[in-house]
Amino acid sequence: MKESCKETRRLLSQYVDGELEFSLAARVEAHLKVCPDCRRELAALKALGQMVKEKDKPPKLADEYWDWHRSQVWKRIKTVRRERQDGPHRQGFFWFRLAAVTGGVAVVLIAAVAGWRLLRVNPQKAKAPKVVDNLAAVLVSEQCDKPPEVLRMPVLPCVSIDDTTTVLLRALVETDSSVSEIKVERSSGIELLDSIAVNNIQKAKFRPGIQKGRLVRCWLTVPQKFRSE
Amino acid sequence: MKETYRKASDVELIRRVKSGDTRAFDELMRRYAGSIYRLVYSLARNHMDADDLSQETFIRAYRAIGRYDEQYRFYTWLHRIAVNLCINHLKRKRRVRLVPLPGSEIGGEWQDIADPKSGAEVSELQRDLDRALCKLPVDQRAVIVLRVKEEMSYSEISDVLKIPVGTVMSRLSRARSRLRRLLKEYLPV
Ligand SMILES: [Zn+2]
């Protein structure tokens, strides 16, 4: 390659961006006038920029996603605030124990208050996927002596995405090991993947949760990972 | 009631947030979540991270709102928080290997759903472009995204990334030659 071509190529990226000082830009232009190779290179860099600008797009997200997104932000802001307020006295732990002692009643109250506060802060209540669970109705797996277990899970299809994508689901496992409800805890952002994940859970086999030697209805969090093909 | 928020300017909303009005911040999120998500997605290149990092951007903004200086556009300020969050995250991140699901068998009954045409159609070019951008080192990807997609000047990029303008230039130039090679079949020879 000629010396003048080398110099031009070195400056071309800046030239495309219009960030080259005047005297250098003039030199590049003078060279471009006489060199078809460098002109082609310039065209390629311009086309590249156009391509990145216009063709690189994030996945299309459902409208519900944005309501959910905002509600997640509030949820996370509050969690941290609560942890900070609790400080060294671990007030939260006290409440947790009180709730455990007084059983269902306290849980219902806390859930109601949390639900009310969430509603109050968010002008628009988040639609599906739901964030607040009805804790009073059933246990969550962490509260179980023996949480439900996945016995068999059909394999998920490989999909044409470029990264591993996870959908986080919550399944309500009944005492007869059927699944009566499935909630999307954390969407993949792609409706199709979410629905495949939900279908997959419907085909799965579970063992119910056990509390004090008795079978109980229990929510189980189940991640569904999609591999890229 | 809702109308008042929808019609308020960013500055008005921020003043309300500063005086403890959470609805005003919700409105700001409604306005900018999409743009922040797009920015973060172009840097992180997957939904899980983009989801998490865009949420984190607003959480940090909310906590730091007292330090927000009204002489900047709110979006510029948010944008800066998001970029720094992303870069730090991506530099720390190690590639996570896929964990097989318990009890999963090879060749289940769902193979047929994998047809890429059933979902949102992504062209071959878009897939190759995405792969090429994923292959760029984080530093180079950041300058390309900020310059080409966000249309920032070299001095703005230097400011946000806290690197000299000379480094912006050389990284951009390297990023372009790399992409040029990876995507040569779509570009003039
Ligand atoms: Zn030349």
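Is Asp194(A) buried or exposed? I looked this up first, and Asp194(A) is buried, with a relative accessible area of 13%. Buried means under 20% relative accessible area, exposed over 50% and partly exposed in between, with a 1.4 Å probe and protein chains only.

Ground rules. I am working on a predicted model, in which local features need pLDDT of at least 70, side-chain atom pairs count only at pLDDT 80 or more, and totals for chains, interfaces and linings use all residues. Residues are numbered from 1 along each chain as its sequence is written, chains are lettered from A and ligands numbered from 1 in the order in which they are written, and side-chain values use heavy atoms, with hydrogens and water left out.

Entry on Asp194(A). I placed Asp194(A) in helix α7 (residues 191-203) of chain A. Helices (H or I, at least four residues) are DSSP runs, numbered from the N terminus. Leaving aside neighbours within four places in sequence, I found Asp194(A) in contact with Val167(A), Val184(A), Ser187(A), Ser188(A) and Gly189(A); contact means heavy atoms within 4.5 Å. From Asp194(A) to Val184(A) I noted 10 residues in sequence and 7.6 Å in space, C-alpha to C-alpha.

Entry on the zinc ion. I listed its protein donors as Cys5(A) (SG), His31(A) (NE2), Cys35(A) (SG) and Cys38(A) (SG), 2.1 to 2.3 Å away. Donors are N, O and S atoms within 2.8 Å of the metal (3.2 Å for Na, K and Ca); water is not among the atoms, so sites may look incomplete. The site is tetrahedral, with angles of 99 to 120 degrees among the 4 donor atoms; for four donors that term requires all angles between 85 and 135 degrees. Along the chain the donor spacing reads C-x25-H-x3-C-x2-C. Cys5(A) in helix α1 (residues 3-16) and Cys35(A) in the loop between α2 (22-34) and α3 (36-55) are 30 residues apart, a pair that links distant parts of chain A. I found both Cys5(A) and Cys35(A) buried.

Entry on Thr8(A). This residue also lies in helix α1 of chain A. I noted Thr8(A) as buried, at 3% relative accessibility.

Entry on the second largest cavity. I noted that its lining includes Leu45(A), Gly49(A), Ile144(B) and Arg176(B). A cavity is a set of points on a 1 Å grid over the protein atoms alone where a 1.4 Å probe fits but cannot get out; lining residues have an atom within 4 Å of a point. The largest share of this lining, 4 residues, comes from α3(A).

Technical notes:
Tetrahedral: all angles 85-135°; square planar, octahedral: opposite > 155°, others 65-115°. Helix = DSSP H or I, 4+ residues; strand = E, 2+ residues; numbered from the N terminus. 1 Å grid on protein atoms, 1.4 Å probe; cavity = no way out; pocket = protein on both sides within 12 Å on 5 of 7 lines; lining within 4 Å.
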